[in-house]
Amino acid sequence: MTIGTKDLAPTELDAFDDEKLVAELKKAKEELFNLRFQMATGQMDNNRRLRTVRHDIARIYTVMRERELGLSVTPDEDSSNEGAA
């Protein structure tokens, strides 16, 4: 799923591995940078998109922090634990 077309649902982010999350975060930050330029130059046609991208970035950071604290697991860890049970 691309950031440019639709906002990311938290359930979709849970399915991403760490590398994919970092890649999505980078794309979202690049889009936010471009949107800010459009806003400054008066070329922006969808003001709501700015807020949506900021929320996507916050969601990605939240999932990354949850994994760091051990509150959620990556999809790789989840599949390896199923075999052990």
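**Aromatic pair, salt bridges and a charged patch**

Modeller: In this predicted model, phenylalanine 33 and phenylalanine 37 lie four residues apart in helix α2 (residues 18–41), so about one helical turn separates them.

Biologist: How many aromatic pairs are there?

Modeller: The count is one aromatic pair. Phenylalanine 33 and phenylalanine 37 form it edge-to-face, at 5.0 Å centre to centre and with 65° between the planes.

Biologist: Is phenylalanine 37 buried, exposed or partly exposed?

Modeller: Phenylalanine 37 counts as partly exposed because its relative accessibility is 48%.

Biologist: Turning to charges, how many salt bridges does the structure hold?

Modeller: It holds five salt bridges. One of them joins lysine 27 to glutamate 24, with the closest N and O atoms 3.3 Å apart. These two residues are three apart in helix α2, so about one helical turn lies between them.

Biologist: Which residue does arginine 59 form a salt bridge with?

Modeller: Its partner is aspartate 56, and the closest N and O atoms are 3.0 Å apart. Aspartate 56 is buried because its relative accessibility is 0%, whereas arginine 59 is partly exposed at 26%.

Biologist: And what is the N to O distance for arginine 65 and glutamate 68?

Modeller: Their side chains meet at 2.5 Å, N to O. Both residues lie in helix α3, three residues apart. Glutamate 68 is exposed, with a relative accessible area of 59%.

Biologist: Which residues form the positive surface patch?

Modeller: Arg36, Arg48, Arg51 and Arg54 form it. Helix α3 (residues 48–69) gives the most, with three residues. Arginine 48 lies in that helix and counts as exposed because its relative accessibility is 53%.

Technical notes
Residues are numbered from 1 along each chain as its sequence is written. This is a predicted model: local features need pLDDT of at least 70, side-chain atom pairs count only at pLDDT 80 or more; totals for chains, interfaces and linings use all residues. Side-chain values use heavy atoms; hydrogens and water are left out. Patches are made of residues with over 30% relative accessible area and no salt bridge: like charges are joined within 9 Å, nonpolar side chains (Val, Leu, Ile, Met, Phe, Trp, Tyr) within 5 Å. Accessible areas come from the Shrake-Rupley method with a 1.4 Å probe; for residues, only the protein chains shown count as cover. A salt bridge is a side-chain nitrogen of Lys or Arg within 4 Å of a carboxyl oxygen of Asp or Glu. Lys and Arg count as positive and Asp and Glu as negative; His and the chain ends are not counted. The place of a charge is taken as NZ of Lys, CZ of Arg, CG of Asp or CD of Glu. Buried means under 20% relative accessible area, exposed over 50%, partly exposed in between (1.4 Å probe, protein chains only). Rings of Phe, Tyr and Trp (its six-membered ring) pair if their centres lie within 6.5 Å; planes under 30 degrees apart count as stacked, over 60 as edge-to-face and the rest as tilted.
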